[in-house]
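Good morning, colleagues. I would ask you to keep the sequence and the model in view while I go through a few of its regions in turn.

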Amino acid sequence: MERKHHTMSLPTPTKSEFSHIRSRFYWGVILSLTLTSVCGYQIAWIAGQFDDVTQKQLLAAAASAILVVAALYFHGYLNPFNSCWEKRPERERMNRRLVLFPLMFWGFMLTYVIGATLIYHVGSAALTASDSYIASLQFGLIQLLAAIFIGLPGYFYALNKLGRLITLIDLNSVQVSLKSKLMLLGGFLPLLTSATLMGYDHWSTHANGISISTETVLVWTALGLITVLATLLSIRGFSQSLQPVQDVLHVSGASSHRDLAQLRPQSNDEIGYLTQMLGRLFRRLTDQSAQVHAIIDTAAEGIIVVDEEGLVDTFNLAAEQLFGYRAQEVRSTPLLWLLPSLISDSGAPRLVDDEQELEAIRKDGKKVPVSVRVSQFQHSGKTLYSCLVADISQRKAAEDKLVNAEGRYRDLVETAHDLVWSLDANCRWSYLNAASKEIYGYEPEEMLNKKLTDFIFPQYAEKDAVAFADLINGKELVQYETIHVDRNNVPHNLSFSARAHFDDGGNVLRITGTARDITKQKAFEKQLAYQAEHDALTGLFNRRYFQQELERLSARVARAGAACAIFYIDLDQFKYINDTLGHAAGDRLLVECAGMIGSHIREGDLLARFGGDEFTILLYNVDQERAMRVAEHLRSMFENYKFLDDGKAFNVTCSIGVAMIDNDSLTADECLSHADIACNVAKSRGRNQANLYNPNDRDQDGMAEDMGWAARVRETLEADRMQIVYQPIVATKNRVINSYEVLMRMRCEDGTIILPGGFLPAAERFGLIHSLDRWMVTQSITRLGQLHAANQRVHFAINLSGRAFEDATLLPLIRELLQDSAIDPSTLTFEITETATIANLSAAVKFIGNLKDIGCNFALDDFGSGFSSFYYLKHLPVDKLKIDGSFVQGLADAPVDQAMVQSINQVAHALGKETVAECVENEETLKLLTQFGVDYVQGYHVGKPMESIGIPITPPLSATLQ
């Protein structure tokens, strides 16, 4: 069965209870005094002590006077205790009252006994002197016995009432000894009782003439001794029980819990049990105190305890480390020295609900940011304040760093040209940066809480819904292109990148991302795509697109069997008009001819400008007869056409070659070659004719010569008789040659050297150009690797044909050769003419980009010859520009050419590109180019092509250059 332990405690009395206690105390004391006098008189009356009425009256008056004085004195005896509820208790005064109470109580009793005895003696005039003294002594003994027997209950009753008030003060010492109470009750009172009984017995027997026997006196004496001995032994045992407590109390100074924990019982009574319980209690308090001190000493935060005046009492190890003081240095010093902004006007720390962040002052005067929590508590009747102080320097530094980072991030985001945005789970805008104004025409605040779908271009709504569904399912959007409309309903091409953020349950919290307005980029790409497929002058499809379409058509015809036709149209009088009337007239003639041809063919047929004055047409789904009718119609139309310039009319005719595309056709190149041959046959037969390709035409007129060149090129390649030569490129700054342009030569069986102009057109026309490009690249890189292995760090510039972009095997070959030869790719520069690059712009950009990824350089050859050179230059990632030789050859005598060269050089340098001037043939031209700041020069004046390279060469004319 579980025992329930109840802790008995005596609560502090309230003010109303105090009034009740004071009343009981007062009447207990007065009643004791009153009963003592009444009973003393009564006993004296019974004993026949009174003979005179006057004597009785005097005694009654004296007793009344003493009672009045006692009543007045004890009426205000407990008034000091009343201050506990009105003001600060006067504890010393109350302690003195308690100590004086036994003396005052028994003093009034003794005053009464002595006073009553003296009055009685004075009033015994009828008796003899000896009888008077004996009677007075008897009367005094009777009053003394009455005072003792009747006063003791009142005395103990008053002590009990005073004990209820002890809770209001702290005892300075033991005020009523338990040993004195034991001696009084166990020794003195029994002894007095037995003496009283013996006296009464003597008075009874003495009245009958019988005296007290010796045996009676001996028995009384023995009983008295036994009573006193037993009482002394009890007091000794009681003293032994209290000895542990007294030893602690008698130690000088305050006793610690550790001292009090040493209490051990020395008796088996209640006091021994209480002593044991006190020892256990103080041992527990000692352990708790040790734990508290350990916690305080090992706490990570500084702990400072101060009093009401702000003086430091406790200063733990963490506080020492934080402030740089030892605890002994700051104890009893003002907290104001350490935490000045924490102190209130009263000197005590300010109390707030949450932590305070302020600056602390270290011993070295350095200010440290800290956080402080202040709490108030009571200890031993005093108000104390505990301050938990933590160093937040690192946190503040991290916060400052975070704030700075957030500021930088916000600055970057807010000033970014790209849109930075976030959506909530319902796809409503929750954040947009300032770029929203440029894209949508709205301020960011105007778009907040609006749905994304409100801005989607209607035709893209379904596509965007699918994309965002994938996004919510965890897929990221990377450069997703869509179209949104602004506040004026103007569409904008946007590229979105986004990702969704989820909670632990997989629910979408928000979607964040960026968007870029690519409207201009799309327009430019569209323009590039158009320019890549169209001729810049006439707006017709260009040669590249025509050849691609021809390849698709030849493959389709081979599968389906439908017959088509290809026309090759060459203007007969174009060179005459171009040379006579100028390039502007020639360009206008080409535009008019393109419009005329386009208006006389079907909408579905394909018309292209194939070359300078050459046009090609693809006629779909036509037979040979109908194709020839169309060709004859076009020829007739040109025959009747008059070109007007400055009031003059010029006849312009054309030669048309027709080739059928059917099941017998092999490749697109063969189809084009057949039409070209037919056109050449028509020109050789007197021009202004339309001629259908006939295989027998190969041996007619000049075609045999062209096809012969192709055969010779093929034979030379197979026999490995192709040759490379090296033309120096001179740096204008230091006049040293460390770079060479690699050129191709064809060496015939008889040793004759053929320049590229003699065999490249035939090679390009009959599909051998890619083989020549690959041979050129292989020979050049292999030779450069050999030179580098011999520690000759030279650079090569390799010429490629205008159709190199179409060779899918060329780039892998370059990578493989570079890897095998282990040369630095930056020592290689590939050159392609500007016109070929612009004619195949999109392929050129891709090809150049791949070369630069490998690490090679790229140069535009013959720069300035194109119609829109500067327009395309900023979009091409080239490294060098080779200024067209037509501007350089007559530079010394042509101010216009000088202006052109200077402009090209300045624009190139502004774009971070180097310039090379070719065809430098005289000293004056060289000096002008050096003056203009052109980076490199080449030409016969500074170095002719050489068949071999030894070491880097300083040209013989270096002295002249300087």
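Predicted model: local features only at pLDDT ≥ 70, side-chain atom pairs only at ≥ 80, totals over all residues.

One of the paired positions is phenylalanine 377, whose bridge partner in E5 is leucine 384.

I turn next to another antiparallel pair, E8 (residues 477-485) and E9 (residues 491-502), which share seven bridges. Leucine 477 has alanine 498 of E9 as its bridge partner. Five residues separate the two strands of this hairpin, and asparagine 489 adopts a positive phi near 65 degrees there.

Strand E9 also contains histidine 492. Is this histidine 492 buried or exposed? Its relative accessible area is 13%, and because the limit for a buried residue is under 20%, histidine 492 counts as buried. Its side chain reaches the backbone oxygen of isoleucine 439 at 3.3 Å. Leaving aside residues up to four places away in sequence, histidine 492 touches Glu438, Ile439, Thr482, Ile483, His484, Asp486, Asp517 and Thr519.

Our next strand is E13, residues 614-619. Six of its six residues are buried, so E13 is largely enclosed by the rest of the structure. In a regular strand, side chains alternate between the two faces of the sheet. For E13, both faces are covered: Glu614, Thr616 and Leu618 are buried on one side, as are Phe615, Ile617 and Leu619 on the other.

Which strands pair with E13? Strand E11 (residues 564-571) runs antiparallel to E13 and is joined to it by six bridges; here aspartate 570 is partnered with glutamate 614. E12 and E13 make a hairpin that has four residues between them.

A word on the cysteines. The count of disulfides is zero. For cysteine 593, the nearest cysteine sulfur belongs to cysteine 654, 8.4 Å away; because a disulfide requires two sulfur atoms within 2.5 Å, cysteine 593 is in none. Cysteine 679 is likewise in no disulfide, and its nearest cysteine sulfur, that of cysteine 654, is 8.5 Å away. Cysteine 593 is buried at 0% relative accessibility, and cysteine 679 is buried at 2%.

In soluble globular proteins, nonpolar side chains tend to be buried together. The largest core in this model has 72 residues, and those with the most contacts inside it are Ile781, Phe796, Leu800, Leu828, Phe830 and Leu929. Helix H23 (residues 769-789) supplies the largest share, eight residues. Apart from this core lies another, of 40 residues, including Phe81, Met94, Ile148 and Leu159.

Key. Residues numbered from 1 in each chain as written. Heavy atoms only, no water. Core = buried A, V, L, I, M, F, W, Y, C linked by side-chain atoms within 4.5 Å. Buried < 20%, exposed > 50% of the residue type's maximum accessible area, 1.4 Å probe, protein only. Pairing = 2+ DSSP bridges. Polar contact = N/O pair within 3.5 Å; in protein donor to acceptor, adjacent residues only side chain to side chain. Contact = heavy atoms within 4.5 Å.
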